[in-house]
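Please read the points below with the model open beside them. They are notes for someone who has not seen this structure before.

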Amino acid sequence: MQRIKKYGFLSALSIISLFLFIPEVHGENPPIDPAKKADIHRLIKMSGMSAQVDIMSQYTLSQYLSLTRAKYPGLSPDIVSIMKEKCLEEIRLNLWAPGGFFDRFVPMYDKYFTRQEVLELIEFHESPVGKKILSLQPVLVKEGMSIGEQWSKDILMDIIKNVEKRIIE
C-alpha cells in the first residue's frame, strides 16, 4: 500500500511538473505580433487553464504536505497550513508574471495557430457550449484526476510484476 501511495504521489508530481516546469524553447523565436500576443493571452485566460493549473497545484501540494507530515510527525498543523498557503501564493504570482508560466505558452500558440484561429477559439469560448465546458473544467479536472489515480492504483502492481518478470528473464 505504501508503494501505491508513493507512486500515486509521484504520478501527481510528474503531472504538475509538466505544467510547472515546462522547458524553455531555445534558439531565436521570431517576434510575435503584439496584437496576436494579446489575443493569445486573452485565450489562455478565458480557456480555464489557470483554474486547471491551480487545481493541479493544490492536489500535488496536498500530496507533498501529506508526505511531509508523515516524515515530520511533530510538524504543527499551523505550519503545514502556512506552507500550503505560501507555496500556492508563490505559484499563483508566477503564473502570469512576465516570462512566467503562461508567457511561455505564447510562442507555442503562435507556432500552431494563426491569429484568425486564435480569434475563432476566443469566439468558441464565448459561445454557450464554450462557456459550459469552461464552467465544467474544474469539475472535470478533479474527477479526471481521481479516475487517473484509481486507475494507476489498479494497474500499478501488475505493471511492477510484469517489469520485474521481464528483468528476471
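1. Of the 169 residues in the protein chain, 27% are buried, where buried means under 20% relative accessible area, exposed means over 50% and partly exposed lies in between, with a 1.4 Å probe and protein chains only. The chain exposes about 11,700 Å², of which carbon and sulfur atoms supply 61%; accessible areas come from the Shrake-Rupley method with a 1.4 Å probe, and for residues only the protein chains shown count as cover.

2. This is a predicted model, in which local features need pLDDT of at least 70 and side-chain atom pairs count only at pLDDT 80 or more, while totals for chains, interfaces and linings use all residues. Residues are numbered from 1 along each chain as its sequence is written, and side-chain values use heavy atoms, with hydrogens and water left out.

3. The secondary structure of the protein chain consists of seven helices and zero strands, helices (H or I, at least four residues) and strands (E, at least two) being DSSP runs numbered from the N terminus. Among contacts (heavy atoms within 4.5 Å) between residues at least 6 apart in sequence, 84% join residues at least 24 apart.

4. Confidence deserves attention: pLDDT, the predictor's confidence in each residue from 0 to 100, averages 82 over the protein chain, and 83% of the residues score at least 70. Where pLDDT is low, the predicted coordinates should not be read in detail.

5. How do helices α6 and α7 pack, and at what angle? Helix α6 (residues 115–126) and helix α7 (residues 128–168) meet at about 75°, with their axes 4 Å apart; axes are lines fitted to C-alpha atoms, for helices over the stretch in contact, and angles run from 0 to 180 degrees between N-to-C directions. The two helices are therefore roughly perpendicular to each other, a term that covers 65 to 115 degrees. The contact is made by Phe 124, His 125 and Glu 126 of α6 together with Pro 128, Val 129, Gly 130, Lys 131, Ile 133 and Leu 134 of α7.

6. Arg 69 is found in helix α3 (residues 49–71) and counts as partly exposed, at 38% relative accessibility. Arg 69 and Val 80 lie 11 residues apart in sequence and 7.8 Å apart in space, C-alpha to C-alpha.

Definitions and conventions:
Angles under 35 degrees count as roughly parallel, over 145 as roughly antiparallel, 65 to 115 as roughly perpendicular and the rest as oblique.
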